[in-house]
Structures are given as C-alpha cells and as structure tokens.
Amino acid sequence: MVRTPCDLDLLLFLRRHPQTLLTSEQLAAFVGYPMKEVAESLDLFIASGLLERIQNPMHAARMYLLNMDHPQGGGPRRLLDVASSRMGRQSAIRALRSERPSNEAKSPRDKTQDKLHLVRIA
Amino acid sequence: MPALDIVRSGIGGLDDILNGGIPRGNVILVEGSIGVGKTTLGVEFVYRGAAEFDEPGVIVLFEVSPDKIIRDAKGFGWDLEQLQKQGRLKIVFTTREVLRQELQQADSVLLEEAAKMGARRIFIDGVSRLVGNDATVESRSAFHVLTEGLQREDLTAVLAVEASKLNGNGNGSLPEESIADTVIRLAMYDENRAVSRSIEIVKSRGHDYQMGRHSFRIMDGKGLQVYRRVQAPRKPSRDRAAAFDPTTRLTTGIPGLDELVNGGYFVGSTTVVAGISGVGKSVMGLQLLNEGVRKGERGLMLSLDEQVDQILRNARSIGIDFRPAIEKGLLRIEYEPPQEIEVDAHFHHIEELVETFKPKRVLFDSLSTYGSSLGTKGRLFRDFFHALVSLMKEHQIVAVYNHENPEMLGMATMMGSFAMSSLVDNIILLNWVELGDSFRLGMNVAKMRANPVIRITRECEITSKGMHILPRELPGTTAPFSRYNALVSRAPERRLLPEPPPGGKGRRR
C-alpha cells in the first residue's frame, strides 16, 4: 500500500495527528511534499479505507480521520513502527525510492539491501 | 426556576473552590504564562469528563502533536488512547486559521464531529494567537465569534490563553476576560528561591466561588491538585465547633500533671507547651500519645523537626515502643521537612489526615518551626494556626503544640513573637531553674481557659520512664521548689524559714 516516500511521510504525519482539520495547502506544508503528490497519497489511503475524509464543500479545510484498526492497517502499522525512528524512516525511504525509475544511479548492492529491509519491516 | 446544571471539573480540589463546579455552557478562559499548567488543566478537564462523568469531549491542538499529549497524559495515569478508541474523546490537530474560519460557519466540520460523538466538553489549547495578542476591536470580535460558535453547541469550553504579563502578582487583564463567562488565572511566583503555582477564579458567571489566590501542584500519576488557600472559610460547622465540650477530658499521661490541669485536657482544646530546646516538650507529647494508645484512642504526631525513626528511638529511650500501635493503626507519625512548606498544600494534607484517620490526640512538633518556615510577621502564620485550631475543634481533638521559647532561664513572654496566645486554651511553661550548680526543671500551668488554675511552679523530672511531676515536699536533703522565691525570674532566692525551736527536729533549707 505504501508506494512512495510521500505515502510514508503522510502516513507518519497522520499517525501523529490521527484526527486533523487542515486545508490541502496546510497538509502539504506539514508533510513537506507538493500538493499533487499529497493528494495522490490521500486518495490511496481513502480508497483503502485507512483514512476517512470529511468535508463541507463550502469550507477549505477537511477533517481527516485515520483508522489504523482497519483490516488494511496491519502492514502499514508495522512499517510505521519501524519508520518512527530516523534510521528506520531513512531505510524505508531508500527502499521506496529504489523502486522508482529515477533511482537508477544507486548501486545494485544498496538497492538489494533496502529492499530486503523493507520486506523485513512491512 | 430549574436547578442550575453544574459541570464538575473532576480536577482535585478545583470543584471545592468553585463551590461544586461551573455552570454548563460557560466559556472558561484559563490564562497564564508558559509552563504554568494551562494545557494540563484543559486536558484533565476533558479527560475527567469522558472518563468519570460520561461526558465525551474534544481536545483541539495547534502546536503540540496529539501523540505527545497522549504520551504526557500517560504520566498522569490518563489513558487518552483508550478513550479515543471508545469514541469518548477526539484529539483534533488543526491550525488557528482553520479554526477561526470553522467557527465562523454555522455548519462547522469540527463542531459537527463533536456533536456526532455527543461531546459536552471541549478544550482549545493556545487561543491567544487565534484571536490576536492585542486588545484591538478585531481580536475581541474574533474571540466573540469563537465563544458564540461554542455556545451554539452547548459545549462547556476551556480555552487556554498565554498571558505572560500576568505572571507574579497577576495584575492586568486580557481583552478576552470580559467576554468569557469564567476566568481562571494560573500563575507562578517565587519566594525565597522556591517556585510555587497559584490559581485564582477571577470571575465566574452564574454561581458563587471562593475568591483569592489558592495553590496548586501538578503531580505525577494524578494531575492537578488544587489546595484551597488556608484563610478561605470552611464549613460553618467548623466555626460552630469552637465551643469545646466542657466535660470530657483526656488524661495527659504525665504522672502528676492531670492534678494540675483539673483532670486532663478538654476535648477540642488547644494546648501550647512552651520551653527552650531540650527541656522536655517532646517527651511530654510522646507520653500524651502513649496514654492515648494505652486507652485505645487514635493519636497523630506531625513533626517538622525530627524524622519518624528518630522519634521512635526517642520514645524507646523513655520506655515507649510505638511500633505495635503504628502497626495496629492506633498511631500515625508524619514527618514533613520544614523547608519550602506550601502552606495550603500542607494544611490540606493535615485536613485529610484528620478526616480519614480520625485521631483523638494530635501533637505538633513544633509550632516554632512553622513560625520560622512561614514567618511570624505577616498574617499567614496566624491564619494558618487559626485554621489548624478550628480544624481540631471541629473534630473535638486534643491538640498539643510544642513551642520553642528562646529563653533559657525564666520567661519574659509566653509565646515570644508568636502573638497568638489568645487562640490557645491552655499554656504550659517548662523552664530551667538554676539552683546551686544544677539546672532543675520547672513547670507552670500559665493558662487554662474556663478552668481554675493553680499557678505554682512545680518541679518535674525526666527519667528512663519519661517525665513526672515531683511532689511539693521531697524526701532526702534536696530542697524542694516550695523553699524558693522567684523561681521563674532567673534569680531564684532561697526562702528563709524561722529557726526550729530548741530540741525540735531540724528543717531543711
């Protein structure tokens, strides 16, 4: 379910703030990714049932309610437990990036290790 | 007229100074400087509501992340996570900008969520920058909009606002104060390098409350504990009890003393035993407690001077073993270090001890240490002593206060700079009397309210069995006190008696 660094960081933010009331701009600023990427991540979690979004079309802010007890929550919960430390988050991000085409410069050995680590934690 | 719907905060001691709680729907402004305890108060208000009063609640945070609030609450024993899982609590993270916009809308998403869970309480942490930090019309109206939004939902709201200028004496006021229904001011003040916290109800619409600056502490495993200021009026019964029972007396446990005090101390009476250090005040007190133990009466000793083990050792030196009585629950000995006594908290502790342990005899060792800790110049010490006396009378306790009088020989005043003898029923003076090359111990019953008093200086002795009063005529060659004039005047004189008739038995001089 967690495909990109943005997915991971958004999930980490939402776990620290499981009930948030923010505008899209504010959420993107807190998470530290472009709005478009954050929107894609939000859509993913909402579709999986991990996240509920409550909105009033007249308001700019949306209420996000994270439900880690959802049947889909087991894997992400284990990943978040590991990524809650700095080292763990960096490893997870390296592993996620290694899946992306832009990371071709990385050595094959690093990629293998990151993947192995991510498999272990998720 | 329907009865007022009062919301109990559930915070230790706070409802007492609020005379029960706060009218439902009030907007409560909690103001104070950084670190004073505003967030703890607000979180506890919501936690107690959800956990103890079946009133779900919402906590709104701007800067602190909810996981930190949950972590910190665990230290107080509050399981916020569990309450969230049970749907009785929501911790919402947002920004001031969003909240301001939200509350300006009649269909606020936040308040709708609060209504869905049946929330009755809300805490918003850090309102100051939400409404602006100045007294402009805009900031007042922003705050007004906020309170209207909360009142629409009939939420009892605690709003924390940072107000560093109110630190210390708490002078000044914030523009929000006039709009809020209840204003609670928290402050930290330092005295002799110690820092204490105070809480004051500045105003509260719709009910009566106890004015003045009370104390509070933030305690691990508990949360806030508010201590009513010692001067604040208590139950009316406490003052009515001041007329003590004029028939029941408790014996003193000092052989010979009961005769001097008309059979013992009245229940509900206040006795001060005054004398220099080492003269035997504590010995007298230990015997008073031991006499109670012997008769199956509960006793309590509150010591500021010596620790419990030392007191037990002292008691053993006069043949008293208190351990079985302590184990049986007949006796309690409490020690509190006199440094940095917070008088409201200390008095609260004594009140709790008296109300739960229900002693018949209480010994304070010593009043002079309270004096040096609280200072005898201002009103605080006198107010504290007055509150103690009233408490003891309400519970019909024989209370004995040891008091160190600085004078080694004789006494020019009974209580020195402690101008409180008018509050005391009985005063017993213990003096060293220098006769020849010896210090001998004299005792005077200087005052016994509503009792005849025989003002004769009697000699006492302390042995391995404790203190006892010697007879006025002594066997052997030692001249008794009755052979002297001016024993307490620092220059006693042997009284010259007429020569015995020739052939008659010689008399001691």
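Among contacts in chain B between residues at least 6 apart in sequence, 67% join residues at least 24 apart; two residues are in contact if their C-beta atoms, placed from the backbone, lie within 7 Å. For chain A the corresponding share is 50%. This is a predicted model, in which local features need pLDDT of at least 70 and side-chain atom pairs count only at pLDDT 80 or more, while totals for chains, interfaces and linings use all residues. Residues are numbered from 1 along each chain as its sequence is written, and chains are lettered from A and ligands numbered from 1 in the order in which they are written.

The secondary structure of chain B comprises 16 helices and 24 strands, where helices (H or I, at least four residues) and strands (E, at least two) are DSSP runs, numbered from the N terminus. Chain A contains six helices and three strands, which follow one another along the sequence in the pattern α-β-α-α-β-β-α-α-α. Of the 509 residues in chain B, 43% are buried, and of the 122 residues in chain A, 32% are buried. A residue is termed buried if 20 or more other C-beta atoms lie within 10 Å of its own, exposed if 12 or fewer, and partly exposed in between, with C-beta atoms placed from the backbone.

In soluble globular proteins, nonpolar side chains tend to be buried together. A nonpolar core is defined here as a set of buried Ala, Val, Leu, Ile, Met, Phe, Trp, Tyr and Cys residues joined through C-beta atoms within 7 Å. The largest such core has 94 residues, of which I28(B), I122(B) and L159(B) touch the most other members. Helix α2 (residues 38-52) of chain B gives the most to this core, namely seven residues. Apart from this core lies another, of 64 residues, including Y265(B), V273(B), M301(B) and F347(B). When residues up to four places away in sequence are not counted, I122(B) touches G57(B), V58(B), V60(B), A114(B), L150(B), L155(B) and A157(B).

Nine strands of chain B form an open sheet of mixed pairing, in the order β16-β15-β17-β18-β14-β19-β20-β21-β22; two strands pair if DSSP finds at least two bridges between them. The edge strands, each pairing on one side only, are β16 (331-335) and β22 (466-469) of chain B. On average, neighbouring strands of this sheet are turned by 25° against each other, direction ignored. Axes are lines fitted to C-alpha atoms, for helices over the stretch in contact, and angles run from 0 to 180 degrees between N-to-C directions. Within the sheet, β20(B) and β21(B) pair in the antiparallel sense over three bridges, and G442(B) stands opposite E459(B) in β21(B). Helix α15(B) lies across β14 (270-275), β17 and β18 (398-404) of chain B, and runs at about 65° to β18(B).

Several loops of chain B show local backbone features. The peptide bond from D365(B) to S366(B) is cis, with omega near 10°, and S366(B) lies in the loop between β17 (361-365) and α15 (367-374) of chain B. A450(B), in the loop between β20 (438-448) and β21 (458-463) of chain B, has a phi near 65°, a positive value in a residue other than glycine. This alanine, A450(B), counts as exposed because it has 10 C-beta neighbours inside 10 Å. A positive phi, near 55°, also occurs at A486(B), a residue other than glycine, in the loop between β23 (484-485) and β24 (493-494) of chain B. With 13 C-beta neighbours inside 10 Å, A486(B) is therefore classed as partly exposed.

The contact between the chains takes 17 residues from chain B and 17 residues from chain A. On the side of chain B that touches chain A, α3 (66-75), β5 (89-94), α5 (96-103) and α6 (109-116) of chain B each supply at least two residues, and β5(B) gives the most, with five residues. The residues of this side divide into seven nonpolar, five polar and five charged; Ala, Val, Leu, Ile, Met, Phe, Trp, Tyr, Cys and Pro count as nonpolar, Asp, Glu, Lys and Arg as charged, and the others, Gly among them, as polar. Strand β1 (residues 19-23) of chain A is joined to β5(B) by two bridges, and the two strands run parallel. Here T20(A) stands opposite F93(B) in β5(B).

Elsewhere in chain A, P71(A) lies in the loop between β3 (61-66) and α4 (74-83). P71(A) is exposed because 9 other C-beta atoms lie within 10 Å. P71(A) and L50(A) are 21 residues apart in sequence and 8.4 Å apart in space, C-alpha to C-alpha.
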